[in-house]
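Hi,

Here is the structure I promised to send over. Have a look at it first, and then read my notes below.

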Amino acid sequence: MHINAGGYDLDNEFFIDLATPCKWVSSTHMDVLADYVGRLHAEALRGNRTMLVAPWFSAYLLAIWDVLVFDPNPRLKTEDEVATLMEPVAAMLPYLAKKVCPADAVGEHQLVPFHVERVADLYENRRSGDCGPVAIKFLEMHSTGNEQPTMASLTDDLVDIFRKQYGMEIYKDWVVPLYL
C-alpha cells in the first residue's frame, strides 16, 4: 500500500488493474486518472478554460453510464435515448460552470443547457472495461488544445498501450517520490 500517493492510498493491484486490457476500472481508478490528467495538464487546462470535474460529478455520470452499458438487451443507444439520458447533465453543467468559472468566462449564456451530440467517425469501444481509460484519453486530447482529437484511428492495441502508460506514469510521478 502506497499511502498518500497523489493524495490517494494506492496498492500495487491498483496499477496492475489499470494496465490490464479489458479490466473494468473502478470509480477510484477514474478519480485517480481524472486527477492525474488534470494535474499533468493544469496549465493547458487553465489556458483553454477547461476542467475535469469533481468525483461526485463523475459518480453521477457513471450512474448514467450504467444505464447505457448494462442494458439487458445490449445495443447502441439511439440519438433520442442518449439525449434523454444526457439531458440532466446538459442542464446541470451551466450551473457548475457558473460556480467554478469567472463570470467573464461564462459570458451571456450563463444558465443555458449545454448541447450534447455524438462525435461522428470516432473509435467505438466494444471491449468491456476499457471505456474509462478511453474517455480520459479523449478528454486529455480534447482539453489540452487538440482542436480535432482524432480518436477515429484509435485501435484496441493503442488502448492497451495507453492503459499501461497511465499506470507507469502515475506510479512514477506519485509513488516513487514517496520512497526517495
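Helix H7 (residues 131–143) and helix H8 (residues 156–175) cross at roughly 80°, and their axes come within 10 Å. Axes here are lines fitted to C-alpha atoms, for helices over the stretch in contact, with angles running from 0 to 180 degrees between N-to-C directions. H7 is therefore roughly perpendicular to H8 (65 to 115 degrees; under 35 is roughly parallel, over 145 roughly antiparallel, the rest oblique). Helices (H or I, at least four residues) and strands (E, at least two) are DSSP runs, numbered from the N terminus.

On the H7 side, the contact (heavy atoms within 4.5 Å) is made by Pro133, Val134, Ile136, Lys137 and Glu140, while H8 brings Val159, Phe162, Arg163 and Tyr166.

This is a predicted model, in which local features need pLDDT of at least 70 and side-chain atom pairs count only at pLDDT 80 or more, while totals for chains, interfaces and linings use all residues. Residues are numbered from 1 along each chain as its sequence is written, and side-chain values use heavy atoms, leaving out hydrogens and water.

Back to H8: its buried residues (under 20% relative accessible area; exposed is over 50%, partly exposed in between, with a 1.4 Å probe and protein chains only) include Val159, Phe162, Ile170 and Trp174. They pack against strand S1 (2–5), strand S2 (8–10), helix H1 (12–19), helix H2 (27–40) and H7.

Elsewhere, Phe57 sits in helix H4 (residues 55–69) and counts as buried because its relative accessibility is 3%. Leaving aside residues up to four places away in sequence, Phe57 touches Val89, Met92 and Leu93.

Best wishes
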